[in-house]
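Colleague: I'm new to this one, so please show me what we have and walk me through it.

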Protein chains: 2
Amino acid sequence: MAARKRASSRAIATATDTDTSKSETPTSQEHADPPIAPPKSGLIFKLCLFFAIPYFYLLFYHYKIESELQRSILINAGLSLAGFFITQKMIPVASRYVLRRNLFGYDINKKGTPQGTIKVPESLGIVVGAVFLVLAILFQYFNFTADSNWLVEYNAALASICFMLLLGFVDDVLDVPWRVKLILPSFAALPLLMAYAGHTSIIIPKPLVPYVGLEILDLGWIYKLYMFLLAVFCTNSINIHAGLNGLEVGQTVVIASAILLHNIMQIGASLDPEYKQAHAFSIYLVQPLLATSLALFSYNWYPSSVFVGDTYTYFAGMTMAVVGILGHFRYVC
Amino acid sequence: MAARKRASSRAIATATDTDTSKSETPTSQEHADPPIAPPKSGLIFKLCLFFAIPYFYLLFYHYKIESELQRSILINAGLSLAGFFITQKMIPVASRYVLRRNLFGYDINKKGTPQGTIKVPESLGIVVGAVFLVLAILFQYFNFTADSNWLVEYNAALASICFMLLLGFVDDVLDVPWRVKLILPSFAALPLLMAYAGHTSIIIPKPLVPYVGLEILDLGWIYKLYMFLLAVFCTNSINIHAGLNGLEVGQTVVIASAILLHNIMQIGASLDPEYKQAHAFSIYLVQPLLATSLALFSYNWYPSSVFVGDTYTYFAGMTMAVVGILGHFRYVC
């Protein structure tokens, strides 16, 4: 800070607005920002029901899963549910703050209609990211195994996700140029690779075995390079699909649900404890992601009352990359 | 993002300014932001010399330190030096971006003088933090020991520091209310405590031993509570001292130099490899902190051409808390 009088964000917002409507006083301006529309809870409830029934059926009845693991997943699900409500409560509050800082956008697909002139608060992904990180940190208390390798990976995951969230938010606030955007996610992916202690071999598909001459091929550092590029790819792939109300969050919700079902099926079908642990790791990170994303979705569904910002797209992409890499999804191929 | 036209930060800056001086066009406004004053490199050079001579004398001549450890410290110092130049190069660039977003302050101690009316870019701590994290992540490649406990602590440290940096930046941008400010750093400190695998006992000072009846007292969870509060205290203690040009960075530079000298002396005087490793851990994080802070100091020294923001104070405080806790400084008492 040093000795300084900070440029008041409210004063700036007011100054900006007086440019278009001179008559408003600062106080009336504060009240002039309309509250954002209420969340579409009905939609979210239906979505949840559609997903939760098969998910919990698989978890509790269909497969014989150890009660220890079931308990951990259930605690995580409970935390995630709490995270859903906290996120849903905090988004309208945070909206007021981002609007005061002029972090807003106009919905260009509604141009020409009255809705096209409403200031839509931007970068609400920061709420989702912060709640996610708090949940992920708190959850460590409930899965504190003596296995320090788990903790290495978990902390590396947190560091990577948090760094990506920071970069996304910096990008939203400062409009970082593209050449920087492409370099920085690479650094965020590094803690991941350092912590990756798994195999670097791939299984050759059966029809190709006669040609390659091997059933299992060890790729060594090329595998690490592939993972590194995967992290950068995942991050940008969520970002680049943006364009319609709810699309970024919507695709994340669909992918996260698919990952969860896949994990449960893999855990149920496997007998290898290490393999189960890897998929449980993935569940512990995806459940909070899904829950907090659903809360954001309830505001971002058409017609959007908030925008998610690069903050969310980078964060969600990185979380899914982390889950894929540290959840050791390679066995699946 | 969703379909949106982002509120251009430049347009906002212009709109704000037209309020006071209507004649400026957007282009002239862009040129109107004067470039920040050049860094005070002479001052920094003298400071560095004053510190580096005793430091490297202790490291290479005074004590017999294993060449392995010397090499790691030297690689880290080299990376830190690179970090110094990168930070110094990036601060003027980042200043333009933060000014465009209206992240600036006025120097209230220069009120009434022409300097008191200059917009000073705020929150430049984000550059220091980002460079620090990149250095810390890259350094893992040069100290990849089989000791996974080291990696747990290192990654937890990165996660904590990164989370704190994020919260600091969010605070600078959105002006978070105080009640939230006090809660969130507590969450950032949690990964630290989870990773802390050291003892929780304290040595009773000799004059008190007859009264307590013990030489070593195991505090258990109270020790963890103490560390938790220490992290929150460190973070706020750097922040709360702000008030004069260069004070936040200046105190960090002094404390960091003292920590480095202390570490070298502890490593030199000890024979316990684990103890040496803990102090080396501390050096690996403090060297980049010192180097990047010095780069910021060269701009923040009186008369300040940039302000550091809560971003820097939170980040620096947390880094030193991490170093104290995971460097196992408790042996010192």
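Modeller: One term before we start: contact, or touching, means heavy atoms within 4.5 Å. This is a predicted model, where local features need pLDDT of at least 70 and side-chain atom pairs count only at pLDDT 80 or more, while totals for chains, interfaces and linings use all residues. Residues are numbered from 1 along each chain as its sequence is written, chains are lettered from A and ligands numbered from 1 in the order in which they are written, and side-chain values use heavy atoms, leaving out hydrogens and water.

Colleague: Which residues does Gln88(B) touch, not counting those up to four places away in sequence?

Modeller: Gln88(B) is part of helix H4 in chain B (helices are DSSP runs of H or I with at least four residues, strands are runs of E with at least two, both numbered from the N terminus). It's buried at 13% relative accessible area; buried means under 20%, exposed over 50% and partly exposed in between, with a 1.4 Å probe and protein chains only. Leaving out residues up to four places away in sequence, Gln88(B) touches Pro39(B), Ser41(B), Ala295(B), Ser298(B) and Tyr299(B).

Colleague: How far apart in space are Gly125(B) and Thr292(B), C-alpha to C-alpha?

Modeller: Gly125(B) belongs to helix H5, residues 125–139 of chain B, and is buried with 0% relative accessible area. Apart from residues up to four places away in sequence, it touches Leu165(B), Val308(B), Thr311(B) and Tyr312(B). Thr292(B) is 167 residues away from Gly125(B) in sequence, yet their C-alpha distance is 9.6 Å.

Colleague: Let's step back to chain A. What share of its 333 residues is buried?

Modeller: Chain A has 12 helices and five strands. Among its contacts with a separation of 6 or more, 76% are between residues 24 or more positions apart. The buried share of the 333 residues is 56%.

Colleague: UniProt has "transmembrane region" annotations for chain A. How far apart are the end C-alpha atoms over residues 281–302?

Modeller: The unreviewed UniProt entry puts that annotation on several stretches, including 151–170 and 281–302; its positions are given in the numbering used here, feature names are shortened, and annotations may be inferred rather than shown by experiment. Over residues 151–170 of chain A, the chain is 100% helix and 0% strand, with the end C-alpha atoms 28 Å apart. Over residues 281–302 it's 91% helix and 0% strand, and the end C-alpha atoms are separated by 33 Å.

Colleague: On to the rings. Why does the pair Tyr55(B) and Phe56(B) get the arrangement it has?

Modeller: Rings of Phe, Tyr and Trp (its six-membered ring) pair if their centres lie within 6.5 Å; planes under 30 degrees apart are stacked, over 60 edge-to-face, and the rest tilted. There are 25 aromatic pairs over all chains. In this one the centres are 5.1 Å apart and the planes are at 75 degrees, so Tyr55(B) and Phe56(B) are edge-to-face.

Colleague: Which ring does the charged end of Lys119(A) sit over?

Modeller: A charge sits over a ring if NZ of Lys or CZ of Arg is within 6 Å of the ring centre and within 35 degrees of the ring normal. In chain B, Lys119(B) has its charged end over Phe104(B), 4.9 Å from the ring centre. In chain A, the charged end of Lys119(A) is 4.9 Å from the centre of the ring it sits over, that of Phe104(A).

Colleague: What is omega for the peptide bond from Tyr302(A) to Pro303(A)?

Modeller: Most residues other than glycine have a negative phi, and most peptide bonds are trans. Pro303(A) is in the loop between helix H11 (273–300) and helix H12 (309–326) of chain A. The bond from Tyr302(A) to Pro303(A) is cis, with omega near -10 degrees.

Colleague: Last one: what is phi of Asn102(B)?

Modeller: Asn102(B) sits in the loop between helix H4 (67–100) and strand S2 (104–106) of chain B. It's buried, at 3% relative accessible area. Its phi is positive, in a residue other than glycine, and near 65 degrees.
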